[in-house]
Amino acid sequence: MWKRLARTLALVAFVLATTLAAVPVETVAQEACKAADGHRKEGSLARAKKLYESVKARDGDQRCAAVGLRLVADARQGAAELVTAGQLLIRSGELDGAEKKFRSALDLDAASVAAAAGIARISDLESRPLPTAVSNGDRFYSDWALPIGRLAVLAAIGLLILYALAGLLSRMLVRVDAVAWSVWLRRSAGGLGFFLLFTAAVMAPLFAMFNPFTPVWTQCWIGVLTLAVVGLVAVALVLQGAAAKGDVKSWFALLLSLGVVTVAGALVVLLASGLSYDVRLMFVHIALAVIGVLLTAASFGQNLRLQVEVQEADGSVNAASSDYLLARMKGLGTETPRALHKATSALASTPLSQIPSEELSVLPAGKVVGALSQLFFTLRPDLTWRARVTLVDDNRVATALSRNGRHAASAVFSRAELGLSEDVDKDRAKAQMLTGAAAFILVHLSEVHRELQDDLYGADQWKSVALQVIARSKSLLAEGPGRTATQVELLAKAVNEDAGNELARFEYLWAAYEYRPYAETDFGAFAKAIDDEYRSSKLSGMSDHEEGWMPLKIRVLYSSATQWLNAYVTATDMDTGRPRWMPLKIRVQYSRATQWLSARVGSAADAGPAAMLKGARESATELGRLCEKKSWKRRALRRQTETMRPLAQNLLHCIDALEGDAEVRKSAGGHPHRDEPTSLRLAYDYACLHMFIARQPGLDDEIRREQRTNALEDLQRALVTEAERTDAQGDPCFAELRSDERFQELVRAGQDRSPRL
């Protein structure tokens, strides 16, 4: 019996030992993970994370700890998303839904301060009395107006700081001799830069104040893609601008900076796995802001904005001289004589400068105001160019030009170096020297801003431009018998200084013929000289796209057409036995002009009046085409063509009349333009048309008298000044009227002197 009991106890002990051996023993790691899971489920994420991180390799398998840490991160991310959703519901007024979101966030993360604050906010809103106009206003102010106002202030401060930084960088990124890009490229780069700066200035306080989203990996990828696209676009803009001007080396620093910022920002986001998502997005944000600063700096450094200052030898600012220089910079050359007489310039002037008014400024006079203005303009990032002109004395001027605060060019010149004689009028002498300074500044600006070269008509030497403007300006030369000789001398010096100055060459040609009396003028030789100069110049090859050259082209074509008509009238008067009021010298000159015309048309048989009308029609037809075009981009050119259009049409009618076209006679019958508002020049040209119609052979005497009467009526309106009456008295178009008492009455006040241009 005892043996059986012993065997039974032994069997029970064996089974118990086997069972205990089969039960797994929990490791330290498993115990820690189990405890951490409990805390995580209760929302104690910080304690759970601490327990998970306490698991070491010697404690057993660490996989449970890694999984737990991921669950803790997911819980915090979920709580943050729920808090964001709850805040949005509060703004929309759904308090119940917002409270559910906040409580769900607390279930995930019991230590969420934002969720607790959201619940407190809801309790505060629910405890308020029924809404009234005042309470709604207070709520709107506290919930919307105040935060948005703070956002706007912070964004404005940030934008100003970034703009100031761009202004400081412009002097390092843009060399003083770097050729500016085209206007649309500068605006594109500046626009993209401003957008990036604005975005950076707004997003920084916006994200800090409102936390509109929680960064995740997907948003980091989008940020990297955006950075890459923006960086490539920025590099493409710089390369296109530099390549178009053939000046890539000047922009190497900018290209290198853009490439480094783009690549570095992308690598930090993609490879820095130890950084959180919000930090990675911050690097994207910084990289985009730096690209915006670089593009804005490049755009600022290429602006055409210019500030001028004229100071006396003692350093005081001369306000009157500064204003004069400013006006000269705005429209250098606009004082070119406007009347259309023997040399026949166009009604509009031929400006050498088309700098917009908004690009120019002047430093105010006065010690206090001037000092404050200097401080303001020093900090102003978009003011690229500064010109300081110092009047050393009555005969010497020093000019200094800077770009982005760095010296660009300077010159010291005197009246003797410009070839100007002494002038007893001190104000006029000062104006001449300031005109030279304006020419110096404008030509140097054109070396960088190539669009200004179109208005210089091929000139690249500032002395040539200065001499040409002074010679053709009514206010810069003294009146007197020696004025004409001085003009011709100065224009000759302008051509010698710069043979490529096309405007100076034509002005010299016009000046050479300008003051010769009609009785001594060889109109055929004059017209041929104009055409020869036109064909040999760049002007003849300029297309309509080169709008800066069109004002001069219009002047030249009008001059050519009118002089061929004068030559034709003179030639036919001599050949047909009309009143020969001209001396024998004209006949000799006409013979010489006929020989030149033979060379021009290539055959001696084609020379003579027919070739003259052919030359007039060629010039008038091209002039009419330019004036009929209404798609000019420049406003001044559109105004000029509108003014010249009736003159060009009248020229073609005059040629048709001289060729015997009966339709012109019918259309001009009864004085059809009597009641039209016409300029004095157009009325003068209408008078020529009526006289050309009256010259037609086989015309009825009554019609001939009617046309002469129409011409006299037009002249009555056109001949206002003494100079105009003198011009009409010598004009070959009115040779048949010289015996008419009515014509004699109109020109009686005229004197026997040279006609003006």
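**Helix packing and burial in a predicted model**

Student: In this predicted model, how far apart are the end C-alpha atoms of H22, and what span should its residues give?
Tutor: H22 has 20 residues, and at 1.5 Å a residue they should span 28 Å. The distance between its end C-alpha atoms agrees with that expectation, so the value for both is 28 Å.

Student: Which residues of H22 are buried?
Tutor: Buried here means under 20% relative accessible area. In H22 that holds for Ala611, Met612, Leu613, Gly615, Ala616, Ser619, Ala620, Leu623, Gly624, Leu626 and Cys627.

Student: Which element gives the largest share of the largest nonpolar core, and how many residues is that?
Tutor: The core has 67 residues, and the members that touch the most others are Leu565, Phe692, Leu715 and Phe734. Two or more residues each come from H18 (502-514), H19 (523-536), H20 (550-575), H22 (609-628), H23 (635-658), H25 (680-694), H26 (701-718) and H28 (741-747). The largest share is that of H20, with 13 residues.

Student: Which residues does Phe734 touch, leaving out those up to four places away in sequence?
Tutor: Phe734 is one of the core residues that touch the most other members. With residues up to four places away left out, its contacts are Tyr684, Ala687, Cys688, Met691, Leu715, Ala728 and Phe743.

Student: How many residues are in the second, separate core?
Tutor: Among the members of this second core are Trp385, Ala437, Phe440 and Ala459. Its size in residues is 49.

Student: Is H18 largely enclosed or largely open, and how many of its residues are buried?
Tutor: The 13 residues of H18 reach 18 Å from first C-alpha to last, close to the 18 Å expected at 1.5 Å a residue. The buried ones are Glu502, Leu503, Ala504, Phe506, Glu507, Leu509, Trp510, Ala511, Tyr513 and Glu514. H18 is therefore largely enclosed by the rest of the structure, the buried count out of 13 being 10.

Student: What is the orientation of H3 relative to H4?
Tutor: The axes of H3 (residues 45-54) and H4 (residues 63-92) come within 9 Å and cross at roughly 160 degrees. Angles over 145 degrees count as roughly antiparallel. The orientation of H3 to H4 is therefore roughly antiparallel.

Student: Which residues of H4 make the contact with H3?
Tutor: H3 and H4 pass each other in a left-handed crossing. From H3, the contact uses Leu45, Ala46, Ala48, Lys49, Tyr52 and Glu53. The partners in H4 are Cys64, Ala65, Gly68, Leu69, Val72, Ala75 and Arg76.

Student: Are H9 and H11 roughly parallel or roughly antiparallel?
Tutor: The axes of H9 (residues 217-245) and H11 (residues 277-300) come within 9 Å and cross at roughly 15 degrees. The crossing is left-handed. Angles under 35 degrees count as roughly parallel. H9 and H11 are therefore roughly parallel.

Student: Which residues of H11 meet H9?
Tutor: On the H9 side the residues are Trp217, Gln219, Cys220, Gly223, Val224, Thr226, Leu227, Val230, Gly231 and Ala234. Those in H11 are Tyr277, Arg280, Leu281, Val284, Ala287, Leu288, Ile291 and Leu295.

Student: What covers the buried residues of H9?
Tutor: The buried residues of H9 are Cys220, Gly223, Val224, Leu227, Val230, Gly231, Ala234, Leu237, Val238, Gly241 and Ala242. Their cover includes H8 (183-210), H10 (252-271) and H11.

Student: Which residue just after H9 takes a positive phi?
Tutor: The end C-alpha atoms of H9 are 43 Å apart, which agrees with the 42 Å that its 29 residues should span at 1.5 Å a residue. Just after H9, a positive phi of about 65 degrees is taken by Gly246.

Student: Is Asp107 buried or exposed?
Tutor: Asp107 is in H5 (residues 95-108). Leaving aside neighbours within four places in sequence, Asp107 is in contact with Lys41 and Gly43. The cut-off for exposed is over 50%. At 55% relative accessibility, Asp107 therefore counts as exposed.

Student: What is the relative accessible area of Ser112?
Tutor: Ser112 is in the loop between H5 and H6 (113-127). Apart from residues up to four places away in sequence, Ser112 touches Val83 and Leu106. Ser112 is buried, and its relative accessible area is 11%.

Definitions and conventions:
Residues numbered from 1 in each chain as written. Predicted model: local features only at pLDDT ≥ 70, side-chain atom pairs only at ≥ 80, totals over all residues. Heavy atoms only, no water. Core = buried A, V, L, I, M, F, W, Y, C linked by side-chain atoms within 4.5 Å. Buried < 20%, exposed > 50% of the residue type's maximum accessible area, 1.4 Å probe, protein only. Helix = DSSP H or I, 4+ residues; strand = E, 2+ residues; numbered from the N terminus. Contact = heavy atoms within 4.5 Å. Expected span 1.5 Å × (residues − 1). Axes fitted to C-alpha atoms, helices over the stretch in contact; angles between N-to-C directions. Parallel < 35°, antiparallel > 145°, perpendicular 65-115°, else oblique. Left-handed = near helix turned anticlockwise from the far one by under 90°.
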